[in-house]
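Colleague: Could you walk me through this model slowly, starting with the parts of one chain and ending with the pair?

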Protein chains: 2
Amino acid sequence: MRKPRIAILGATGVVGREITKITEELNIEYESIKFLSSARSAGNKINFKGEEYIVEEAKPDSFNNVDIVMASAGASTSKEFAPEIVKRGGLIIDNSSAFRMDKDVPLVIAGVNDEDLRQHKGIIANPNCSTSQLMLVLEPLKKFGIKRLIVSTYQAVSGAGLAAINELREDTIANLEGKSFENKCFKKPISFNVIPQIDVFCENGYTKEEMKVVNETRKILHLDENTLISCTAARVPVFNGHSEAVDIEFENEITPDVVREILKSSYGVKVIDNPDNYEYPTTRDASGNNPVFAGRIRKNLAFKNGISLWCVADNLRIGAALNTVRICKRVIEMGLY
Amino acid sequence: MRKPRIAILGATGVVGREITKITEELNIEYESIKFLSSARSAGNKINFKGEEYIVEEAKPDSFNNVDIVMASAGASTSKEFAPEIVKRGGLIIDNSSAFRMDKDVPLVIAGVNDEDLRQHKGIIANPNCSTSQLMLVLEPLKKFGIKRLIVSTYQAVSGAGLAAINELREDTIANLEGKSFENKCFKKPISFNVIPQIDVFCENGYTKEEMKVVNETRKILHLDENTLISCTAARVPVFNGHSEAVDIEFENEITPDVVREILKSSYGVKVIDNPDNYEYPTTRDASGNNPVFAGRIRKNLAFKNGISLWCVADNLRIGAALNTVRICKRVIEMGLY
């Protein structure tokens, strides 16, 4: 099989830049590669494997003779271009929320449910960041029967894009200098504050972000209605790296030691869990790194067969770019393009 | 009954200052008042009701002719002086963790379990900050039968004292300037980070802070072993104001509307809950204010009769100083000194 012709759509965004970097890191093989963006960012230069590429404006015909598109350009752009890509025989690995819950679209975390990739009809969706890191930790524990799952997130601003990163910085400086600052990316001041809203609200009082955790977890792990899931998602003044407090009730008996042993040898997970020596993961450990870090593994005190744990990851990597490129690698290995 | 002779112990600390301010705000009546501290801080001046007071070094004899001591000077100081105060016929309202779980010591949130004050034998304990705000929200809902309670906290640094507040500021500035910074108050960098540890670790893998929420909640609300409680406590880079994601399972049917209506008319609680208009509480609403703010009230998706909510409060006020002074006021009204 010949090597794929690859395009990166949304190449100048926060996640697009990471995709580019990780495509190089994971040594993805390709016949050709191109970098696409909106008209506004076209013309920018990108350094990739020591060569300079000019970012081109994405148009339908940009996808002629392209096998795999790694896309991170927002839901409306994905909705616009996905049919064009599929029509031309290409495959889109999409970071946006546009197709995640479509019945015909596999929602995949590489290393968790790779076999679902075989069902693709031209579109593969990459889960939301807060779901993604959780899946790598939950999948190895699934055999104990997940009965209930309650997640509280502590999410970094990088998930909201470059402007949000700058806003945290500017708001923080203004706050320290006692100056007023008008937030644009966030509905409330983000500096030295916690905002219990990520994405817009649904009719049931949950945010879309929270419902993504509920619905995407169910889809990825193939959990039926017997598993009950609830979530609170909050934004904290952290540049990069999501943290999650996770409470799980299992059908079967399970101990912290068993969880620790299983996760220590699980794909994509690194256990940091020696509280006596102040060893537990924080976002500073995660940012810039590939593993999902798990720690504070202990018996949950409110469930019969319960485990509580703390899970941290670089949301731009495992929650977006890293998983996209890992899916691309699996698609190539499995010959699915 | 004559007005009490009052002393404030630990008057120069973060909480002590708040106690002084709130004693003025709540217009506590007294025959005399004095301000005590360690030798190191003695001699400092304090402005109270427009008059200047000199802070005196606390010694056993400082408590001669004192009826009520409001103390916030740490557990070891409280352990040292409480017997001296009681021996002299005085009453200590103590902010530290020293006596909270003692069978003979009432652990009280004013407005929640005031009747427990009548059991005091000279010592009344003020609960931990993360427990305190939760109690004002849970007590009015207790009649529905609390079956399970899972709390994830997002706690400000002010609870760790003045040095911690300065450390967050200095670490943040250093981080923004790309300089290295050595944290002293915290075991990990606090700027732009989340630390899943508050207080030291217990043998069961929980921190003392987490077990305070578990044990103090049970004691204050008089819950038996049928109520199961679990907690994760994390420190976020916020100067002041704790946030909590709270998941509650009730014995009996309950709806978000019912919870909203009950909390709207509950003592010490203010409901901000109109997500469609981006109205929910953040620490910016809470800091400097007396109420516990509740919002994001919705059906929990993992429990049968479940409610999830977001609860925010000024941890220095309701979590410490405000409750201390409120207890003092109740003790005076009930003639218990």
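**Domains, sheets and the pair**

Modeller: The centres of domain 1 of chain A and domain 2 of chain A, taken over C-alpha atoms, are separated by 25 Å. This is a predicted model, in which local features need pLDDT of at least 70 and side-chain atom pairs count only at pLDDT 80 or more, while totals for chains, interfaces and linings use all residues. Residues are numbered from 1 along each chain as its sequence is written, and chains are lettered from A and ligands numbered from 1 in the order in which they are written.

Colleague: Which residues belong to domain 1 and domain 2 of chain A?

Modeller: In chain A, domain 1 covers 5-127 + 320-333 and domain 2 covers 132-315, with bounds that come from an automatic or database domain assignment.

Colleague: And how many residues does the contact take from each domain?

Modeller: It takes 14 residues from domain 1 of chain A and 16 residues from domain 2 of chain A, where two residues are in contact if their C-beta atoms, placed from the backbone, lie within 7 Å. On the domain 1 side, helix α8 (residues 317-333) of chain A gives the most, with 3 residues. That side of domain 1 divides into 8 nonpolar, 5 polar and 1 charged; Ala, Val, Leu, Ile, Met, Phe, Trp, Tyr, Cys and Pro count as nonpolar, Asp, Glu, Lys and Arg as charged, and the others, Gly among them, as polar.

Colleague: How many helices and strands are there in chain A?

Modeller: Chain A has 8 helices and 14 strands, which are DSSP runs numbered from the N terminus (helices are H or I, at least four residues; strands are E, at least two). An open sheet of 6 strands in chain A has the order β10-β9-β11-β14-β13-β12 with mixed pairing, and two strands pair if DSSP finds at least two bridges between them.

Colleague: Why is one side of β10 and β12 left without a neighbour in that sheet?

Modeller: In chain A, β10 (228-235) and β12 (269-271) stand at the edges and each has a single partner strand, so one side of each has no neighbour in the sheet. Elsewhere in the sheet, strands β13 (residues 292-299) and β14 (residues 306-313) of chain A run antiparallel and are joined by 5 bridges; the bridge partner of Lys299(A) in β14(A) is Ile307(A).

Colleague: What packs on the sheet, touching β9 and β10 of chain A?

Modeller: Helix α5 (residues 208-221) of chain A does, and its direction makes about 145 degrees with that of β10(A); angles run from 0 to 180 degrees between N-to-C directions, and axes are lines fitted to C-alpha atoms, for helices over the stretch in contact.

Colleague: Switching to chain B, what is the order of its open sheet with parallel pairing?

Modeller: The 6 strands in chain B follow the order β5-β2-β1-β6-β7-β8, and the edge strands β5 (56-57) and β8 (123-125) of chain B each pair on one side only. Strands β1 (residues 5-9) and β2 (residues 32-37) of chain B pair in the parallel sense over 5 bridges, with Lys34(B) in β2(B) as the bridge partner of Ala7(B).

Colleague: Last topic: how many residues does the contact take from chain B and chain A?

Modeller: The contact takes 51 residues from chain B and 51 residues from chain A, and the chain B side divides into 28 nonpolar, 13 polar and 10 charged.

Colleague: What rotation superposes chain B on chain A?

Modeller: A rotation of 180 degrees with 0.0 Å of shift along its axis does so, with RMSD 0.0 Å, using least squares on the C-alpha atoms of residues with pLDDT of at least 70 in both copies. That is the relation of a two-fold axis.
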